[in-house]
Structures are given as C-alpha cells and as structure tokens.
Amino acid sequence: MTPYILVLYYSRYGATFEMAKQIARGVEQVQAIEARLRTVPAVSPLTEASEPAIPHEGAIYCSEEDLKNCAGLILGSPTRFGNMAAPMKYFLDNTSNAWVNGDLIDKPAAVFTSTSTMHGGQESTLISMMLPLIHHGMIITGIPYSESALSSTTTGGSPYGASHLAKGDDAKILSDDEISLCKAVGKRVAKIALKLGATDV
Ligand SMILES: Cc1cc2nc3c(=O)[nH]c(=O)nc-3n(C[C@H](O)[C@H](O)[C@H](O)COP(=O)(O)O)c2cc1C
C-alpha cells in the first residue's frame, strides 16, 4: 500500500474540516504518497454518552492502525480558549500504545487551527498541538517564509502552522492565502516524509 500522510482533524462547525481538505490536496500534489483524512469523535459531558461508529459527516474516525502506519501526521483542531479542543486532546491522551511502541518516532508532523478572532490564540493552539507530538518523537515542521502568502496574508497563516480566521456567515470559506498555506503544509510534510524514507505500508 502507498505510504500516506494522516490528516487528522476535529471540527465542530466545519471550518477546520475545510482546512483539512485543502491540506490533503497539498499532500496529493506529491507523487508516490497519499493523504488519509480522519477525524476524532466528540466528547460528551455525560460520560455514558457515546458516538455512532460512523460519524454523520466528514471523514471516518481515526483508528490505532491509521496512526501507527502513517508516514507523517498533520493535526488540526479549532481553537478553544487558546488551546486545542478537548476531543483532539482526548484522542491524543489515548495514544499511549503508539508512544510505548515508538510508532511515530522520526516521522514529520505539522499542525493547523481555526479561530473566530484574529488574535484569539492561533499560535498558542498550534504550539499546544506540537507538544504531544514532540513527546511522540515526531519532527515538527512549520511553514517557511519562502511561502509568499505568509508575508502577505491579512487572514490566517503562521510560521507555526496553517490557520484560518473564521468570520461570521462566511466562517467556512478559506481565503486564497489560507488555501495556499494549507496546501503548502500538506505538500511539505509529504515531501519530507519521502525524503525521510517513507515506504509502502
Ligand atoms: C468553547 C469555545 C471556545 C473558543 N475559543 C476561542 C478562542 O480562544 N479564540 C478564538 O478566536 N475563537 C475561539 N472559539 C471559536 C472557534 O475557534 C472558531 O469558531 C473555529 O473556527 C471553529 O472551528 P470549526 O468550524 O472547525 O468547529 C471558540 C469556540 C468555542 C465553542
């Protein structure tokens, strides 16, 4: 099976999902590697509540195998109070097997987020998502300033990762700069994974 970059996201209202799709397109621009889009279930304040096995919309849920066998990981979450959303944190808190077995060591990773306000914590959220990936031994990649949209954007986009400013009725519509930077992240992680020797699964 062709090696793949796992694009793993959580999205409540769809903006982060739109980013994930553009990132997956960026991955698919690179030959000999593909994107695998996966999501994580919501968590409920009622501990007895459970999600259906197949989500109503978006990608299917990420399995242990999806995570274990990826050649690289691109992780995305909406910003919640300057941090990643609980469902993504909950998912990561359950990755002890991958950590014990060193499944993600030396694999490239990147992060992305969406906020409703310009200075509402995109960079702190991006960094919060990097921390568990560092514990997993992953190689964190950002976005280099050779991507011209990084200097010209008036919406989202950060050297720490792709981001989106989700405003009002157009919350799910990404700007051209945001799309360009999402694709750049996907492409970069895919290329680095191949350079690091990603092989068939
Ligand atoms: C509980 C909660 C906390 C939030 N915290 C922030 C925040 O700290 N900064 C911000 O700009 N937006 C914040 N938002 C807005 C979301 O980050 C924003 O709507 C995001 O685009 C949602 O992504 P989604 O459409 O993928 O669910 C928050 C939203 C919720 C529900």
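Leaving aside neighbours within four places in sequence, Ile-74 is in contact (heavy atoms within 4.5 Å) with Ile-5, Leu-6, Val-7, Leu-8, Ile-23, Val-27, Ala-110, Phe-112, Val-185, Gly-186 and Val-189. The model is a predicted one, in which local features need pLDDT of at least 70, side-chain atom pairs count only at pLDDT 80 or more, and totals for chains, interfaces and linings use all residues. Residues are numbered from 1 along each chain as its sequence is written, and side-chain values use heavy atoms, with hydrogens and water left out.

Ile-74 belongs to the largest nonpolar core, which has 29 residues. Ile-5, Ile-33, Ile-74 and Phe-112 have the most contacts inside this core. Strand E1 (4–9), H1, E5, helix H6 (149–152) and helix H7 (176–195) each supply at least two of its residues. A second, separate core holds 24 residues, including Leu-6, Leu-75, Met-84 and Met-129. A nonpolar core is here a set of buried Ala, Val, Leu, Ile, Met, Phe, Trp, Tyr and Cys residues joined through side-chain atoms within 4.5 Å. Buried means under 20% relative accessible area, exposed over 50%, and partly exposed in between (1.4 Å probe, protein chains only). Helices (H or I, at least four residues) and strands (E, at least two) are DSSP runs, numbered from the N terminus.

Gly-137 follows H5 and has a positive phi, near 85 degrees.

Helix H1 contains Gln-22. This residue is buried, at 11% relative accessible area. Apart from neighbours within four places in sequence, Gln-22 is in contact with Leu-174, Ile-179, Cys-182 and Lys-183.

Side chains of opposite charge can pair when their charged atoms come close. Four salt bridges were counted, each defined by a side-chain nitrogen of Lys or Arg within 4 Å of a carboxyl oxygen of Asp or Glu. In one of them, the side chains of Glu-18 and Lys-21 meet at 3.0 Å, N to O. Glu-18 and Lys-21 are three residues apart in helix H1, and so are separated by about one helical turn. Glu-18 is partly exposed, with a relative accessible area of 24%. Lys-21 is also partly exposed, at 27%.

Another salt bridge joins Arg-38 to Asp-66, with the closest N and O atoms 2.9 Å apart. Arg-38 lies in strand E2 (residues 34–39) and Asp-66 in helix H2 (residues 64–68), so the pair ties together parts that are 28 residues apart in sequence. Arg-38 counts as buried, at 15% relative accessibility. Asp-66 is buried too, at 6%. Arg-36, Arg-38 and Asp-66 are linked in a network of salt bridges.

Within helix H3 (residues 86–93), Asp-93 and Lys-89 lie four residues apart, about one turn of the helix. Their side chains meet in a salt bridge (3.0 Å, N to O). Asp-93 is partly exposed, at 47% relative accessibility. Lys-89 is partly exposed, with a relative accessible area of 40%.

A pocket is an open set of points where a 1.4 Å probe fits, with protein on both sides within 12 Å along at least five of seven lines; lining residues have an atom within 4 Å of a point. Grid points are joined across faces, edges and corners, and a volume is the space filled by probe spheres set on the points. About 460 Å³ of space lies in the largest pocket. Its lining has 20 residues, of which Tyr-10, Ser-11, Arg-12, Pro-55 and Glu-57 are the closest to the centre. By class, this lining has nine nonpolar, five polar and six charged residues. Ala, Val, Leu, Ile, Met, Phe, Trp, Tyr, Cys and Pro count as nonpolar, Asp, Glu, Lys and Arg as charged, and the others, Gly among them, as polar.

The second largest pocket has a volume of about 330 Å³. Of its 19 lining residues, Tyr-13, Pro-78, Ser-114, Thr-115 and Ser-116 are the closest to the centre. Helix H1 (15–28), strand E3 (72–80) and strand E5 (108–115) each supply at least two residues of this lining. E3 gives the most, with three residues. The lining comprises six nonpolar, ten polar and three charged residues.

Technical notes. On a 1 Å grid over the protein atoms alone, a cavity is a set of points where a 1.4 Å probe fits but cannot get out, and a pocket is an open set with protein on both sides within 12 Å along at least five of seven lines; lining residues have an atom within 4 Å of a point.
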